[in-house]
Amino acid sequence: MLFSPFISKPDNVSQIMLKVLLALLPGIALYVWYFGPAILVSITLASLTALGTEALMLRLRNRPIAPFLKDNSALLTGWLLALSIPPLAPWWLIVVGTAFAIAVAKHLYGGLGNNLFNPAMVGYAVLIISFPMQMTHWIAPHGLGQIELGFFDQLEYIFLGVLPHNATLDAITMATPLDTLKTHLHLDQSVQQILDMPIYGQLAGHGSEMVAWGFLCGGLYLLATRIISWHIPVAYLGTLFVIAGIFHLLDPGHYVAPLFHWFSGAAMLGAFFILTDPVSSPTTNKGRLIFAAGAGLITYLIRAFGGFPDGTAFATLLMNICVPLIVLYTQPKVFGKKSPKDNPVHKEGRP
Amino acid sequence: MEISRVLIDNEKMRTLYHFHGGIHPPSNKSQSTQVAIARAPLPSRLVVPLHQHAGEAAKPIVQVGDHVLKGQLIGMPDGFVSSAVHAPTSGTITAIDMQLIAHPSGLPNLCATLIPDGKEEWIPHKAIDYRDHSSAELQQLLRMAGVVGLGGAAFPSDIKLRIGKQKITSLILNGAECEPYITCDDMLMRERAAEIVQGAEMLRFMLDASEVLIGIEDNKPEAIAALKQAIADRGMNHEVVAIPTIYPGGSAKQLIRVLTGLEVPSGKLPTDIGVQCFNVATAYSVYRAFAQGEPLLSRIVTIAGNVRQAQNYEALIGTPIDELIALGVALPDTNGYIMGGPMMGIPLPAVHVPVVKATNCVIAASDRLFPPPPPALPCIRCTRCVEVCPADLQPQDLFWFAQSKEFGRAQAFSLFDCIECGACSYVCPSHIPLVQYYRFAKSEIRAREHDKQLADQARERHEYREHRIEREKQEKADKLAAKEKAAQAAKLNSLQQPTPQQQAELADLEAHRAHIRELAQSGVEHPED
């Protein structure tokens, strides 16, 4: 009992992170439903790697290990990365990505609260640049692959790299809906023709669109519990919708409808779970709108005109760089001052 | 401007405004409002600090061994911002020395110790009709009656009434009492509403204010009803306004915003926007000073927290707090005491320190009521602090600057607009003692500015001294040169213009020589030969 205030709200960082992890569960459940349990294996691998790397880095940095391991932030980084990369991949892929995210993107920047970049997205960028092959082997959803692997076959492939004798990698994996769209557009097919392919569902990819719904539900839970504010998801999805809508209206044969963008790739995950990372996003509401709108724009540009199938990760990282500047120029008006630019007053009012 | 809601009050519509942020901590007020205010028994001794108010300490005007009467002046206001201190009862002054008081610094301060004789013998005093006096005279009376703000800041009231040429539109009485546990104003309003509204009228008279607004949080319906009744009974047109219960709605600037929609400009005073604000208990003291001629000798103190019976007591200034706590009976696991509320109060350095004019509440603390916070984690910039800051600041940035000692940037981010309400610390999920960082940064900046001022003064002094030495040297040299010149001139003059005596000698000499020449020319023998 040293100084006021002597009371505090019963709330802590580890509970906040735990709620974010919980909010991912609907999406994960649908993931398992449509794509099989491989994702659970990569989430487990990511969790173990994240905790191990976190403990090791804390030890190297002479920081207390227990309180930081309990904050759940490393787990969240691992889960987000696992959900961003193909689940049916050699075990070391997620391990390398997670270890890099925690060790370099988080701890070399000063640990919890100090990372300039979203660690999970740094891990993703490292993997997609270093191991592009492994990053394209996405599992086909139920009923679409030529052969479906059982759980133990999946485990065998992940840990030993061995497939059943009758299966090839091509037979069990496929390009993502965004990737397929891009490839076939290059072949001069129209959007309408492409969307008739069996891998597409109601709005976007069969199965993956449902996972996106799951993340949307989780995101609404985060909004309802006020863990995130509306600014980032609304500005991100809104910008993506408006830009995609403009292009779609101009040339519907070449540019896919905005809802396709919402429910494809990492858009929902990014809007509610990745861009909203408090540490690497702006602290002002106006700044959040600018930050997320910029990310929405970059995501669309990469998807429509860039070399990578999805753009959420690079959009996040590029906008992360701008955060300090955005925050500086979006300072709100202070009580008793005329405008945000009002000169600081150095003397205090009389009581 | 955001309009939060419209309230129909006395058939008048008053639009209430909203300030950003705020929190809803558990109020814990009902425990101490079950029974009426009790008069605390006369304590065994009274320790009256001479510095209980903002500004300069009062100068002691009694000596050890003096017998004093109740209400007798023992400390004379000393300086522009200062206030008088009186003997709270009759008795003997046994010491005037440094004693521990309730102050964040924990440093002792000059106090007069009085042993009561139990007679409660008053010094002659008389009521005055305030309408017969000028505002300036009334201000002087309040200064000599030791009336200071009883909301916690203890700012001398006469200074706040000295408004010069400024026109005051609204006089605001602050009955918000937004801090948890504290109920002294609530109970005072319930039980002594008539005195409060008359005190308000006296304040209005001195300020020549057009309207009187009494702001009370809507969790005090009894107080609101009592004041409305008292106003109606006297046919006054003061307006009681129920305001939303939100902490820190009782902070003067936030209350002014809620009631008038005006923001006191940063670094300015409420009077600059035509508003002045007093606590309801201050209005009560003004009433006592004028209508009964009694200086400020006692105040209502809430005893709450880890005690068997929480209650409000009317306690004499100088009452040792342990004697007050004993009335409520602290529970065995009590491990400390807080003066003020749990949001902005200070821990008492010792439980025997005296009640002062700023003591609105004493809370017995225990680990059960105030569990020690878990170790702080790094800031994750979640901005829960931003959401609750009533000054629209960026607490997470200010914390960052304070932590890295970037005081210039902290100032540029309006550190000094922070009112230290503690809302940010309350909601911080990393349990960072944010307010403590701001206090540290503010005190460092003040200390540096003070050091800089001293250094500037020292440098100026040094430069002046150098200049003076140089000038003296020059003057000396000039003087010497002048003297030498004068001496030379004198020498020259002495050659050109002989004195009369010399002239006479010269004349003699010339005459003698002329005589010799004559003798030589005549060729005659020397007469002496």
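Into which domains is chain A divided? Chain A comprises domain 1 (10-174) and domain 2 (181-329), with bounds taken from an automatic or database domain assignment. The model is predicted: local features need pLDDT of at least 70, side-chain atom pairs count only at pLDDT 80 or more, and totals for chains, interfaces and linings use all residues. Residues are numbered from 1 along each chain as its sequence is written, chains are lettered from A and ligands numbered from 1 in the order in which they are written, and side-chain values use heavy atoms, with hydrogens and water left out.

**View 1. The two domains of chain A in contact.** The C-alpha centres of domain 1 of chain A and domain 2 of chain A are 21 Å apart. To the contact (heavy atoms within 4.5 Å), domain 1 of chain A contributes 32 residues and domain 2 of chain A 27 residues. Between them the domains bury about 2500 Å², 82% of it on carbon and sulfur atoms; buried area is the accessible area (1.4 Å probe) that two parts lose on being put together, summed over both.

**View 2. Polar and helical features of the chain A domain interface.** Two residue pairs are in polar contact across the interface of domain 1 of chain A and domain 2 of chain A, both at pLDDT 80 or more. A polar contact is a pair of N or O atoms within 3.5 Å; within protein, one must be able to donate a hydrogen and the other to accept it, and residues adjacent in sequence count only if both atoms are side-chain atoms. On the side of domain 1 of chain A that touches domain 2 of chain A, α1 (13-35), α4 (73-84) and α6 (119-130) of chain A each supply at least two residues. The most, 12 residues, come from α1(A). Helices (H or I, at least four residues) and strands (E, at least two) are DSSP runs, numbered from the N terminus.

View 3. B:Thr113 belongs to strand β10 (residues 108-116) of chain B. This residue counts as buried because its relative accessibility is 7%; buried means under 20% relative accessible area, exposed over 50%, and partly exposed in between (1.4 Å probe, protein chains only). The side chains of B:Thr113 and B:Gln99 are joined by a polar contact of 3.2 Å. Leaving aside residues up to four places away in sequence, B:Thr113 touches several residues, including B:Leu46, B:Val47, B:Ile93 and B:Asp97.

**View 4. B:Ala412 in its helix.** Helix α11 (residues 407-412) of chain B contains B:Ala412. With 45% relative accessibility, B:Ala412 counts as partly exposed.
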